Amino acid sequence: MSKCKSDAAPVWAGQNFLTGYQTVRRLLDKTTIGPGDRVIEIGPGKGHITRQLAPRCASLWAVEPDARLCAALRARFSDAGNVRLVQGDFLRYALPARGAYKVFANLPFGLTTQMILRLAGAANPPADAWLIMEHGAAMRFMGQPHESARSLTLKPQFALHLAAHLPREAFHPMPRVDAAMLHLHRRPVPDLPRGQMDAYERFVRYALARGFKGLLTRGQISRALSLEGHENHPSAELLYVQWLCLFRCYAGLSRV
């Protein structure tokens, strides 16, 4: 088992721990983590999830920012040959450059967005990630009640699914709001190639802030959506598939 480094850990805001054995088992049962999987756990804390996660997978890398917790985990899992502990900030952690891996994490609520951007922006993103976060945050990432720049830029690469609801009483210390487990499944073939993602994100952010004027005419919007069998709605009402359709139209016009 790797030794924990002694450098100072960063401040992780909003950390609320799951301690109930049955709750953790129920959540893990909702995943596809199995004996052949390489798994990364973000912020194992006191190891309540790690204890049940380790026997389910081939190898588990647990990234813990707190030096004291990491030292305690190292002692607790000293006999677990498939567990490796890394003391440090996950936002600076080098994700696997090759091969499939999965992620399970009870995220610090204050760093949810940064953590998801770190995973989604990796050169080799996870095949699956199950991330526990505030329920409201999970809904926003799914694009409910309306799509946002954040949800729209995740969806070309991942299918998102609300895997579980968690009452705030399941955590210690108890947060002010309920939580949820969001499942991100990497699409076998992305809806957009990586080389178009920057242009797509600029398109989405511009249209959300200013509308489609200067990007597409009303006639182009209507024809593009009609050809794909979609109805024409105001931008705030557009579904992801409609945004994708309009961007493809815009990208095609840009190449002319």
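Is C245 buried or exposed? C245 is buried, with a relative accessible area of 8%. Buried means under 20% relative accessible area, exposed means over 50%, and partly exposed lies in between, using a 1.4 Å probe and protein chains only.

This is a predicted model, where local features need pLDDT of at least 70, side-chain atom pairs count only at pLDDT 80 or more, and totals for chains, interfaces and linings use all residues. Residues are numbered from 1 along each chain as its sequence is written, and side-chain values use heavy atoms, without hydrogens and water.

Stay with the cysteines. A disulfide is a pair of cysteine sulfur atoms within 2.5 Å. The closest cysteine sulfur to that of C245 belongs to C249, 7.0 Å away, so the two are too far apart for a bond. C57 is buried as well, at 7% relative accessibility. Its closest cysteine sulfur is in C70, at 17 Å, again too far for a bond. The disulfide count is 0.

Now turn to strand β9, residues 179-186. Helices (H or I, at least four residues) and strands (E, at least two) are DSSP runs, numbered from the N terminus. In β9, 6 of the 8 residues are buried. Two strands pair if DSSP finds at least two bridges between them. β6 (residues 128-134) runs antiparallel to β9, joined by 7 bridges. β7 (residues 158-166) also pairs with β9 in the antiparallel sense, over 8 bridges. L184 in β9 stands opposite A129 and is the bridge partner of L160.

Last, a loop. L239 lies between α8 (218-227) and α9 (240-255). L239 counts as exposed because its relative accessibility is 51%. L239 and H146 are 93 residues apart in sequence, yet 8.0 Å apart in space, C-alpha to C-alpha.
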